[in-house]
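Please work through the exercises below with the sequence and the model at hand. Each task is followed by a worked solution.

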Amino acid sequence: MAREKDANRGVRGKPAHNSGTEATGPTRAVVIVPVLTRHQRNDDETNRPRLTRSADARHDEAVGLARAINLDLIHTAVVTVNDPRPATLLGSGKVAEFAEIVKEGHAEVVIVDHPLTPVQQRNLEKEMNAKVLDRTGLILEIFGERARTKEGTLQVELAHLNYQKGRLVRSWTHLERQRGGAGFLGGPGETQIESDRRQLQEKIIKLKHELETVRRTRDLHRAKRKKVPFPVVAIVGYTNAGKSTLFNRLTGADVLAEDMLFATLDPTLRRVRLPHGTPIILSDTVGFISDLPTHLVAAFRATLEEVVEADLVIHLRDISDPDTAAQAEDVERILADLGVDAGDAKRVVEVWNKVDLLDDGNRERLLADGTDASKAPPIAISAVTGEGIDALKALIEIRMSGELEELTVTIEPPQFGLVDWLYRNGDVVSRVDNEDGSATISLKATHTARQEIESRLHRKNRQ
C-alpha cells in the first residue's frame with residue numbers, strides 16, 4: 001500500500017551536480033519512503049529494540065532532505081514493503097507504477113529513503129530510466145553542496161569516493177575486458193571495473209594524506225587554545241534542532257541558521273564571555289541524523305573531534321518534534337561511537353529547544369515526564385525568543401568555573417587597577433569607600449574567579 005502526498009512544485013534550484021553547463025531549471029524528482037514491516041532494529045549494545053519513527057515523520061524528513069538541494073518534487077509516497085526484494089527492494093508492481101510516474105512527470109532523479117545495494121540501485125535505474133539515489137547518496141549530495149571550507153570539501157569527497165567504490169557494478173558495455181600489451185600478442189588487460197577501482201583507491205589515499213595534514217593543523221590550533229586554558233563547549237544535536245540559532249544567540253555571530261536540514265556543515269568556533277566573566281570557546285557542529293553512514297562519520301571524524309575534546313557537550317533537542325525521543329537516541333548513539341557517554345551528567349547537558357512552539361499544557365507535561373532522578377533535569381529554552389538562555393548561560397558557567405561564592409575584599413589605593421576587573425568578573429553587591437582611601441567590595445564570583453581575585457591581590461601585595 002502506498003500513501004501519496006502532494007509535493008511542492010514551486011521549488012526552484014539547480015541539480016546537485018551538473019556537468020558544467022548552465023542548468024535550465026530545477027531537477028525534477030520523485031521521493032519514495034519504503035517502510036519495512038518486518039524490519040526490527042535492535043541496539044548493538046543493549047540488544048533492545050530502537051525507537052521507531054512514524055511513517056509521516058520519515059516522509060517529512062525525506063522530503064526535507066530532498067528540498068535541501070532544491071529538487072523539484074513532482075511526487076512523494078510512503079510505501080509499505082512486506083517482503084523486500086533482493087533485486088529491487090520494492091515489488092515489481094510498485095516499480096512499474098513509479099516508472100510510469102517518472103516517465104509522465106519527466107523526473108530525472110528518484111530518491112529512495114532507504115539503503116540500497118549496488119545491484120538494487122542499478123536495477124531500479126534500469127527499470128525507471130532515471131538516476132536513483134538512496135538515503136546515503138542523498139546525504140552525500142547535500143554535504144557536497146554545503147561544504148565551504150577546504151577540510152569540509154575534502155571530507156565530503158572522501159566519503160563520496162568510499163561510497164562509489166562499493167558501487168562499481170558491471171552495468172555498461174565499456175566495462176567489458178580490454179586488451180593489454182601491444183598488437184595481437186597482448187594478454188587480457190584489466191577490466192574497466194578494476195581500472196576504476198584502482199583509480200578510486202589512488203584518489204582515496206591522496207585525500208587521506210591531505211586530510212591528515214588538515215588534521216595536524218587543527219591539532220596545532222587546539223594545542224594553542226589549551227595553552228590559553230579556555231574551556232570548550234560543543235553544541236550537538238539532530239539536524240534542524242536549532243544549533244546554529246542557539247550559537248548565534250550565545251555569541252552574537254551570524255552563522256547561517258535556516259529551517260533546513262544540514263543548514264550548517266563546517267564547524268564554527270567563537271570565543272564567548274559568560275555573565276560572570278568566564279571565557280569559553282563555543283563550537284557549532286554538523287547536525288546528526290538517523291542512519292548516518294558509518295563512512296561519513298569516519299570522514300568527518302576530524303571535525304567531530306571538537307566534540308570529543310570538548311569540556312562540556314550541550315545536547316540540543318527539538319522538543320516540539322513528535323519524534324524527539326527517537327532523534328535523541330540517534331544522537332546518543334553517534335556520541336557513543338565518538339567515545340562520549342551521553343549519560344555522563346558532569347559532561348553532557350541536555351537542553352530542550354523550541355519550547356515556544358508548545359502550549360502550556362504540553363510544556364508542563366514534557367518537563368514533568370523528562371525529569372529523571374538519575375540525572376540533572378533538562379533546561380528548557382527557545383533559541384529564537386531567548387527564553388531560558390540566561391539559565392543556560394548560568395549552568396554553563398557553573399560547570400566551567402564552579403558555583404557562585406560570596407566574598408568581601410578590601411582594595412588599597414595602589415590596587416585600584418583591580419576594581420574594574422572585579423566588576424567585569426563578578427556580581428558586585430556593595431561597595432564602601434573608606435576614609436583611608438581604600439574600598440571594601442562585597443561580591444559574588446565563581447570559584448575560579450575567586451581564586452583569580454585572591455591571586456591578583458596577593459601579587460599586588462607582594463609588589
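This is a predicted model: local features need pLDDT of at least 70, side-chain atom pairs count only at pLDDT 80 or more; totals for chains, interfaces and linings use all residues.

**Exercise 1. Helix length**

**Exercise 2. Helices α4 and α5**

Describe how helix α4 packs against helix α5, and state which residues make the contact.

Solution. Two packed helices are described by the angle between their axes and the distance between the axes. Step one: the axes of α4 (residues 135-146) and α5 come within 10 Å, and they cross at roughly 155 degrees. Step two: an angle over 145 degrees counts as roughly antiparallel, and therefore α4 is roughly antiparallel to α5. Step three: the crossing in which α4 passes α5 is left-handed. Step four: α4 contributes Thr136, Gly137, Leu140, Glu141, Phe143 and Gly144 to the contact, while α5 contributes Val156, Ala159, His160 and Tyr163. Step five: sorted by class, these residues are five nonpolar, four polar and one charged. Step six: the buried residues of α5 include Val156, Ala159, His160 and Tyr163; also among them are Leu154, Leu158 and Leu161.

**Exercise 3. Helices α1 and α4**

Classify the arrangement of helix α1 and helix α4, and list the residues that meet.

Solution. Step one: the axes of α1 (residues 55-67) and α4 come within 9 Å and cross at roughly 40 degrees. Step two: an angle under 35 degrees would count as roughly parallel; the angle here makes α1 oblique to α4. Step three: α1 passes α4 in a left-handed crossing. Step four: Glu61, Leu65 and Ala66 of α1 meet Arg135, Leu138 and Ile142 of α4. Step five: the contact of α1 with α4 comprises four nonpolar and two charged residues, with no polar ones.

**Exercise 4. The surroundings of Asp427**

Is Asp427 buried, partly exposed or exposed, and which residues does Asp427 touch?

Solution. Step one: Asp427 belongs to strand β13 (residues 427-433). Step two: its relative accessible area is 36%; buried requires under 20% and exposed over 50%, so Asp427 is partly exposed. Step three: leaving aside residues up to four places away in sequence, Asp427 touches His276, Ser442, Leu443 and Lys444. Step four: Leu443 lies 16 residues from Asp427 along the chain, yet their C-alpha atoms are separated by 5.3 Å.

Technical notes:
Residues are numbered from 1 along each chain as its sequence is written. Side-chain values use heavy atoms; hydrogens and water are left out. Buried means under 20% relative accessible area, exposed over 50%, partly exposed in between (1.4 Å probe, protein chains only). Helices (H or I, at least four residues) and strands (E, at least two) are DSSP runs, numbered from the N terminus. Axes are lines fitted to C-alpha atoms, for helices over the stretch in contact, and angles run from 0 to 180 degrees between N-to-C directions. Angles under 35 degrees count as roughly parallel, over 145 as roughly antiparallel, 65 to 115 as roughly perpendicular and the rest as oblique. A crossing is left-handed if the near helix is turned anticlockwise from the far one by less than a right angle, and right-handed if clockwise. Contact means heavy atoms within 4.5 Å. Ala, Val, Leu, Ile, Met, Phe, Trp, Tyr, Cys and Pro count as nonpolar, Asp, Glu, Lys and Arg as charged, and the others, Gly among them, as polar.
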